[in-house]
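Hello,

Here is the structure I promised to pass on to you. My notes on what turned up in it follow below; please have a look when you have a moment.

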Amino acid sequence: MTVEGTAARKPRRSVKRTSASATKGRAGAQAPATEPQLVQLLTPEGERVTHPEYAIDLGPEELRGLYRDMVLTRRFDAEATALQRQGELGLWASLLGQEAAQIGSGRALRDDDYVFPTYREHGVAWCRGVDPANLLGMFRGVNHGGWDPNSNNFHLYTIVIGSQTLHATGYAMGVAKDGADSAVIAYFGDGASSQGDVAEAFTFSAVYNAPVVFFCQNNQWAISEPTERQTRVPLYQRAQGYGFPGVRVDGNDVLACLAVTRWALERARRGEGPTLVEAFTYRMGAHTTSDDPTRYRLDDERAAWEAKDPILRLRALLEKEGHADAAFFEELEAESETLGKRVREAVRTMPDPDDMAMFDHTYADGHALVDEERAQFAAYQASFADSEGN
Amino acid sequence: MAVTKMPLAKALNESLRTALETDPKVLIMGEDVGKLGGVFRITDGLQKDFGEDRVIDTPLAESGIVGTAIGLALRGYRPVVEIQFDGFVFPAYDQIVTQLAKMHARALGTVKMPVVVRIPYGGGIGAVEHHSESPESLFAHVAGLKVVSPSNSSDGYWMLQQAIQSDDPVIFFEPKRRYWDKGEVDTEAIPGELHKARVARGGTDLTLAAYGPMVKVCLEAAAAAEEEGRSIEVVDLRSVSPIDFDTLQASVERTRRLVVVHEAPVFFGSGAEIAARITERCFYHLEAPVLRVGGYHAPYPPARLEEEYLPGLDRVLDAVDRALAY
């Protein structure tokens with residue numbers, strides 16, 4: 001069996017700073033002593049470790065591939081943050097620190113699987129082959145997403161947190177009705193775990209035995225609210241109450257994320273129903289570029305998580321095992337720069353939508369009022385052209 | 001000939017049956033829609049004939065029902081969702097307004113949302129709280145949704161067919177106190193357009209505009225007025241979003257007076273929008289301001305008071321008198 005219902009029943013109260021000198025300097029979000037054991041296959045130091053239930057056997061090329069994915073995703077993310085600072089984007093939601101959770105789970109997927117992301121799954125989008133520039137349209141304000149979800153089986157970003165877990169569940173119900181053996185994965189966070197829609201998605205998926213994986217990136221912070229404000233039990237344990245397994249995985253360990261997600265997807269394919277995966281990770285950056293985390297969290301908490309960096313630990317493994325030479329890292333650096341340049345150019349040349357576009361796609365079959373207002377607006381716009389002409 | 005006299009409830013049931021028969025992607029979802037056939041029996045016998053895979057009893061969670069219907073629509077299905085009562089739709093309001101209504105636009109047209117949300121609405125059945133409300137304006141206000149309400153059996157049959165065939169989400173308000181009213185249904189007829197209004201009764205002195213449960217009241221008012229020598233036209237709007245203003249305008253240009261009637265509260269109700277637009281369109285034709293008859297700005301009252309709250313024959317005729325007095 002999985003690690004559902006371990007002995008760690010202690011409520012995860014945040015460690016009170018006044019309580020004991022023994023916990024001095026340790027912020028609540030860390031608190032490993034009270035945490036249930038994470039599924040881990042690669043330590044922060046880059047050591048391979050085994051787990052009795054989740055094994056993974058990857059060759060050097062696959063390991064390099066995961067490393068490349070994470071590095072390029074981080075580069076893309078950094079570029080987007082910079083573009084926001086330069087005024088090219090109105091907002092950016094950085095995934096910094098969550099690369100392993102996203103690349104590990106994203107690379108576990110088959111092409112015919114379907115992804116329902118939040119608004120931060122840039123790494124999963126990368127795995128699905130979505131052009132990174134496509135993700136930036138909504139943050140620049142030229143559209144609300146706008147990509148065709150079916151071209152990469154990657155649904156549109158959902159901003160209202162948790163809503164997409166129900167869409168994923170419904171989609172998975174459809175997959176089961178079609179008799180397909182593909183699976184669906186829904187991403188959400190520790191904050192969204194409090195939403196009723198997530199609870200309802202757990203209920204629906206369980207009673208219909210839907211082939212869906214709920215992938216919760218617990219990055220410890222929902223803007224300013226710590227996970228302790230969302231739950232009194234480790235999030236993965238919630239699955240037990242709904243009748244399906246929950247697993248907590250080291251979200252900064254790309255190998256463990258890959259192995260556990262693959263296992264959960266296989267369960268779904270075999271008709272064994274939903275799984276909750278809680279990827280225990282950390283939001284290294286701000287919630288978005290509009291946020292100021294210095295108002296609510298301590299620098300040393302972040303520093304502690306820096307030591308668990310998902311990219312550094314895989315690099316340590318690659319180097320130690322001799323799976324990657326200097327040339328590989330140099331080429332990847334060059335590729336990162338190229339990607340950054342490409343994204344920069346794509347954003348800066350992204351055209352504003354036509355004025356009339358605000359009326360487009362309100363309805364598929366048309367609507368008399370939209371037609372009327374579109375015509376009125378066009379006439380209004382045209383009236384300026386006339387007066388200028390005269 | 002396939003003309004049969006049947007209650008609205010049966011017409012809706014037949015319509016769902018036809019949809020299930022003709023399109024394998026059509027699904028019925030809701031609370032108690034399976035073995036029980038729905039609390040109003042609108043889905044009676046459908047699960048028995050089409051199976052639990054297509055007529056789906058859901059957990060009691062409205063947001064979950066609509067949210068999973070959205071996912072099924074993304075997968076290529078055409079879910080027809082039943083919300084058990086008007087006042088129960090609000091847990092699903094977020095999914096309807098935030099997701100269902102906007103998904104097509106968010107995707108720049110690359111996905112469609114052919115979801116029908118059926119809601120039995122309105123009062124007059126002596127029910128407890130939350131079972132008698134008329135929240136249609138709350139949906140008509142939202143771009144991306146279409147809102148319709150049949151008033152009779154034939155429209156019940158055909159408008160539901162058309163709503164299911166629509167690639168847009170349709171909020172389908174069923175006048176629950178008219179479920180048992182019988183009317184002729186021709187299942188081989190060529191139906192009118194879903195969002196087109198219908199002149200239910202011709203007249204020359206004043207137009208009464210209504211939809212759903214109030215059409216019957218307006219027709220009765222028109223008959224009563226006739227005895228007093230007044231010729232009242234009744235327009236059954238049928239659709240609240242979009243509203244067929246062309247048909248209504250043509251009527252008002254002839255009668256020069258308009259009274260809009262709905263069960264929903266008058267304040268910010270559909271009558272307000274209709275009054276504003278008809279005033280803009282027919283300013284020089286109007287002999288009187290557009291008047292509205294509807295519910296009050298109070299919570300829907302306990303059943304013992306609902307007869308006073310609901311616009312009945314006398315309140316409609318009172319408005320007719322006031323409009324004609326100008």
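**Notes on chains A and B**

S9(B) and S11(B) form an antiparallel pair joined by three bridges; strands count as paired if DSSP finds at least two bridges between them. Helices (H or I, at least four residues) and strands (E, at least two) are DSSP runs, numbered from the N terminus. Before going further, please keep in mind that this is a predicted model, in which local features need pLDDT of at least 70 and side-chain atom pairs count only at pLDDT 80 or more, while totals for chains, interfaces and linings use all residues. Residues are numbered from 1 along each chain as its sequence is written, and chains are lettered from A and ligands numbered from 1 in the order in which they are written.

Back to S11(B). S10(B) and S11(B) run parallel, and five bridges join them; here Thr207(B) has Glu233(B) as its bridge partner. With helix H8 of chain B (residues 214-227), S10(B) and S11(B) make a right-handed β-α-β unit. Right-handed means that, with the strands pointing away from the viewer, the path from the first strand over the helix to the second runs clockwise.

How much of S11(B) is buried? Five of its five residues are, so the strand is largely enclosed by the rest of the structure. Ile232(B), Val234(B) and Asp236(B) are buried on one side, and Glu233(B) and Val235(B) on the other. A residue is called buried if 20 or more other C-beta atoms lie within 10 Å of its own, exposed if 12 or fewer, and partly exposed in between, with C-beta atoms placed from the backbone.

Next, helix H9 of chain B, residues 245-255. Its buried residues are Phe245(B), Leu248(B), Ser251(B), Val252(B) and Thr255(B). They lie on the same side of H9(B), because they cover an arc of only 125° around the axis; the arc is that of the directions from the helix axis to the C-beta atoms. These buried residues pack against S9, S10, S11, S13 (258-265) and H10 (270-282) of chain B. Contact here means that the C-beta atoms of two residues, placed from the backbone, lie within 7 Å.

Some backbone details may also interest you. Most residues other than glycine have a negative phi, and most peptide bonds are trans. Ser241(B) and Pro242(B) are joined by a cis peptide bond, with omega about -5°, and Pro242(B) sits in the loop between S12 (239-241) and H9 of chain B. Arg238(B) has a positive phi, near 65°; this residue lies in the loop between S11 and S12 of chain B and is buried, with 27 other C-beta atoms within 10 Å. Arg256(B), which follows H9(B), has a positive phi near 70°. In chain A, Ile223(A) has a positive phi of about 45° and is partly exposed, with 13 other C-beta atoms within 10 Å.

Finally, the two chains together. Their contact takes 34 residues from chain B and 33 residues from chain A. On the chain B side, H3(B) gives the most, with nine residues.

Best wishes
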